[in-house]
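Me: I would like to go through this model term by term, asking each time what makes a label apply.

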Amino acid sequence: MRLFDTARGQVVPFETRRPGKVSMYVCGPTVYAPPHIGHGRQTVLYDVLRRYLTWSGYAVDHVSNVTDIDDQIINRAADEGTTPDDVARTYEQVWWDAMDALGLDRPTQTPHATAYVEQMVELVSELVGRGLAYETSDGVYLDTSQVEGYGLLALQDLEQMRAGARIETIEEKRSPFDFVLWKKAKPGEPSWPAPFGAGRPGWHTECVVMSLDLLGEGFDLHTGGQDLRFPHHENERAQAVALGRRFANHWMHHAFVEVKGEKMSKSLGNVTNLVDLVTEYDPRAFRLLILQSHYRSPMDITGEAMGDAETAIGRLDTFARRAAAEGLWDGSPDAASVDRFRQAMDDDLDTPAATALVFGLVRQANAALDVDDRTTAAPLASAVRELSTTLGLVLRTAAAAVPDEVQALARDRDAARAAKDWAAADALRDRIVAAGYLVEDGPTGTQVRPA
Ligand SMILES: [Zn+2]
């Protein structure tokens, strides 16, 4: 497999430290609010990568941290009159619920920052002890001038950055690029004891400690959104480099998601975050849009695109039902198609090509079935099953039943609409959605299907 490596600036062979094993670290959420739509792209993308690597025969150790102590968590707790612990627990649950709705395999390990504070104190102590970090009135900072090659992942000249950018700084910092390893606690804030004063770890220190502890030196792959490349990832790397430890061997970064507003296209309505999106739409439609964009290209999410993707998923489901009814769903997949799939995915994770291949197979298999050519259709249908599953698109071979009480709500909604009681119609729609179903307006009235 070949993947773009941010540090080397080109597509290179993805080589693993140990044969048959992949160690990957995905920077996880800071749990103080519901996940946004960009988090959805991130988690689906690395879920696809992991599924593909697993399908290719690798044992994948997928570590993704949970930052459960942070300024934003502390601020949210103050706003809501609750504790940082409560905020973190609440929003971590919201996070996992959204990820479950997206059909993600959970990471193999999900370390929590608060469980690693002692090791973070040890790392900071070591940096201080070696004269690589220094104490100020508000914390402990890494002296980046002592880190060989500092700025690698910034991908631009730091001197130009220093001149051009407004970099937040405190007077005691020796360089604007020096960053906080340990924040001294202000009164009333949660804190842990440390030789340099009670406080809490900086975010960059959390990830370097947890990734090295769980995956070991020279682990294979470190990933995240483009926005994490600098300073977060560079600062994780700098701490490891300062201590002479080998850090990630390969850096993978994905592009942003833009959520387009009403003016650009059909509105996304009330969708403001990932939880809304997976409630309003078939989560598989979102996965399909992610697959249809290359991970290094920005993607737009619009209501229209989500609607079109739901229709496309509907076509795949219809085919899956047809193939299953013909007894052609569980055979052995067409080898040439599997090869083409592998070629696309091995080429810097070209999911758009891999996904187009699946749709092409559906067209060919449907055409073969239309003329009763089961011999041609069988291996193609099985390839559709095999490849879509590898991409994490679970197709439905049976029309899922909609219970009577939900059908009754749909009929009530039709009656409310006929009476032009829009408020009642909207309320009924919300109840159907809350029960886990999608609502569409068809020619014969409200159509309901499982989300
Ligand atoms: Zn991180």
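Me: How do you know that strand β9 and β10 pair, and in which sense?

Reply: This is a predicted model, in which local features need pLDDT of at least 70 and side-chain atom pairs count only at pLDDT 80 or more, while totals for chains, interfaces and linings use all residues. Residues are numbered from 1 along each chain as its sequence is written, and side-chain values use heavy atoms, with hydrogens and water left out. Strands here are DSSP runs of E with at least two residues, helices are runs of H or I with at least four, and both are numbered from the N terminus. Two strands pair if DSSP finds at least two bridges between them; β9 (residues 221-225) and β10 have five bridges, so they count as paired, in the parallel sense. Within this pairing, G225 has H254 of β10 as its bridge partner.

Me: Why is strand β10 called mostly covered?

Reply: Buried means under 20% relative accessible area, exposed over 50%, and partly exposed in between, with a 1.4 Å probe and protein chains only. In β10 (residues 250-254), five of its five residues are buried. Both faces are covered, with H250, M252 and H254 buried on one side and W251 and H253 buried on the other.

Me: Why is the site of the zinc ion called irregular?

Reply: Donors are N, O and S atoms within 2.8 Å of the metal (3.2 Å for Na, K and Ca), and since water is not among the atoms, sites may look incomplete. The protein donors of the zinc ion are C27 (SG), C207 (SG), H232 (NE2) and E236 (OE), lying 2.1 to 2.5 Å from the ion. Four donors count as tetrahedral if all angles lie between 85 and 135 degrees; four count as square planar, and six as octahedral, if opposite donors are over 155 degrees apart and all others between 65 and 115, and anything else is irregular. The angles among the four donor atoms run from 74 to 129 degrees, so the site is irregular.

Me: What makes C27 and E236 a link between separate parts of the chain?

Reply: C27 lies in the loop between β3 (21-26) and α1 (37-55) and E236 lies in helix α7, so the pair ties together parts that are 209 residues apart in sequence. C27 is buried, at 2% relative accessible area, and E236 is buried too, at 0%.

Me: Why does Q364 count as partly exposed?

Reply: Q364, in helix α12, has a relative accessibility of 43%, so Q364 falls in the partly exposed range.
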